[in-house]
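Subject: Structure for you to look at

Hello,

Here is the structure I said I would pass on. Please open it and keep it beside you while you read the notes below.

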Amino acid sequence: MTGFYTRWAIMVGGLLLLAMMTFQQYQHDLSTTSLATLINSPGRSEPVRIQGMVKSGTLSGETDQGQATFELVDGPTSVAVVYAGPPLENIRELKTMVFIGQLDSNTKTFKAKDTALINNFGFVTAAYLLTVLSMSWALFAMSQRVMVLFKEIKDEKLYEPEIDPLAK
Amino acid sequence: MRWAPVPLLINYLTIEPFPPSNCPITIGNMLNRFIRYIQRYKGWFGGAAAICIFLGLYTGLLASPPDYYQGELVRIMYVHVPLAHTSTLAYSVLFFGSIWYLWKRDPLVDNMCQASAGICALFTALALVTGSIWAKPTWGAWWTWDPRLVSFSVLLLILGGYLMLRKLVDDRESGGRYAAILAIVGGIDLPIIKFSVEWWRTLHQPMSFSTRGVAISDDMVLPLTLMSIGAWLLFGYMVMVRTQILYLTDLLQAKKGRLFSQTHFSQTSP
């Protein structure tokens, strides 16, 4: 009995460890700075990732040449973006995107050098959690059932040799 | 009264070769013998499945790159596709097992079919739900009347019907027979599922692995392969455990029935 539950505790611990490692990795790779935070801390010199929606009617420039200017909106805050980097193949107005670059504190414009993927791992988490939890529950229930059946056979002393009625 | 020691009972249930060595090898008992033999190694199946899935999760979630267009969402593929593959594999086991059962009437194969059906239903339901989660951000809808989705849902309905038949028909043999016929008729859904993306216009992406080659990036092949092998091994392990449960339940009922009849006989006989 104890061994059974210990084994399952170790497995659950391993899964939790993997989940924590994955979460940390994703946080490191995909965390973004909000536009409000960016504007309120103008002294930052290191490149940051910002996420927002390209405002309608503001996109101009040669996007396929990697040159564009537009306004990025995040709730009530907006910032002007000057993009100069790799060609923007999938940019369009009203699309939420992530840009990497720095804020120019003098002109209050964000000088973007590259794009990044949107932080959308909520769906991924839901799919993985659902699968792992369902499978773990099924496996645990089945293993427990086998154990209970063996125990029932043992406790009830249901196993006994057949009595041959012709033996007497 | 003397009771057999439990270890001996466990040996009797799991390790003793069946049919006995003096039993002739015929087509009828070959599959039975194979199932009994492979049952001994179910722990190895479980262990190998755990290793493959752990490595698959690590490579799928941490080591593989995100997709250019889908971003992180592509990682859902590493659970959705193996689940879908395994559910069709599980139904194939059920299909061929049902043919065998109708031919040879082997109760062990019947137990295996029943076990496969339950586990296949779990894999199919999870494949549908994870597919739906993937569809929402990529297609913009949780569900669409797409041929692949509809044919896969039909598979779940067939499995539901199979399990209900097993539950509702009192006579074990009749239930097994009717359910086997349903499983064989339902087998027509398997080629429809497989070729639905080629026969009809569909939103669902075509097959990733086919005779035309591999349609996904090399970086994604490793986690997908590991997760697929892990899911097949896990299915094998779960079928063996579930078959053992059905066998033990039958044994318990038989023993209880025998004890009851003996008690009843001793009380009523002069």
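In chain A, 46% of the contacts with a separation of 6 or more are between residues 24 or more positions apart. Please keep in mind that this is a predicted model. Of the 168 residues of chain A, 14% count as buried.

Chain A overall

Chain A contains three helices and five strands. Along the sequence they come in the pattern α-α-β-β-β-β-β-α.

The barrel in chain A

What do the five strands of chain A form? They close into a barrel, in the order β1-β2-β3-β5-β4, with mixed pairing. From one strand to the next, the twist averages 55°.

You can go through the strand pairs one at a time:

- β1(A) and β2(A) run antiparallel and are joined by two bridges. A:Val54 has A:Leu72 in β2(A) as its bridge partner.
- Strand β2 (residues 67–74) and strand β3 (residues 77–84) of chain A pair in the antiparallel sense, over eight bridges. Here A:Phe70 stands opposite A:Val81 in β3(A).
- Strand β1 (residues 48–54) and strand β4 (residues 96–104) of chain A are also an antiparallel pair, with six bridges. Two bridge partners to look for in β4(A) are A:Ile100, which belongs to A:Arg49, and A:Gly101, which belongs to A:Val48.
- β4(A) pairs with strand β5 (residues 109–116) of chain A in the antiparallel sense over seven bridges. A:Phe99 stands opposite A:Thr115 in β5(A).

Which residue takes a positive phi in the hairpin of β4(A) and β5(A)? The residue is A:Lys108, with a phi near 60°, in a hairpin that has four residues between the strands.

Where chain A meets chain B

Next, find helix α3 (residues 122–155) of chain A and look at how it lies against α5(B). Their axes come within 9 Å and cross at roughly 170°. Angles over 145 degrees count as roughly antiparallel, and α3(A) and α5(B) are therefore roughly antiparallel to each other.

From α3(A), the residues that meet α5(B) include A:Phe123, A:Leu130 and A:Ala138. On the side of α5(B), the residues in this contact include B:Leu122, B:Ile133, B:Trp134 and B:Lys136. By type, the residues of the contact of α3(A) with α5(B) are eleven nonpolar, three polar and one charged.

Two helices within chain B

Helix α5 of chain B spans residues 107–139 and packs against helix α6 of chain B, residues 147–168, at an angle of about 145°. The axes of these two helices are 9 Å apart. In which sense does α5(B) pass α6(B), left-handed or right-handed? The crossing is left-handed.

Among the residues of α5(B) in this contact are B:Gln114, B:Gly118, B:Cys120 and B:Leu128. They belong to a set that meets residues of α6(B), including B:Phe152, B:Leu159, B:Tyr162 and B:Arg166. The residues of the contact of α5(B) with α6(B) divide into twelve nonpolar, five polar and one charged.

To recap, α5(B) packs with α6(B) in its own chain, and the axis of α5(B) also comes within 9 Å of that of α3(A). The five strands of chain A close into a barrel.

Regards

Terms used. Residues numbered from 1 in each chain as written. Chains lettered and ligands numbered in written order. Predicted model: local features only at pLDDT ≥ 70, side-chain atom pairs only at ≥ 80, totals over all residues. Axes fitted to C-alpha atoms, helices over the stretch in contact; angles between N-to-C directions. Left-handed = near helix turned anticlockwise from the far one by under 90°. Contact = placed C-beta atoms within 7 Å. Nonpolar A, V, L, I, M, F, W, Y, C, P; charged D, E, K, R; others polar. Pairing = 2+ DSSP bridges. Parallel < 35°, antiparallel > 145°, perpendicular 65-115°, else oblique. Buried ≥ 20, exposed ≤ 12 C-beta atoms within 10 Å, placed from the backbone.
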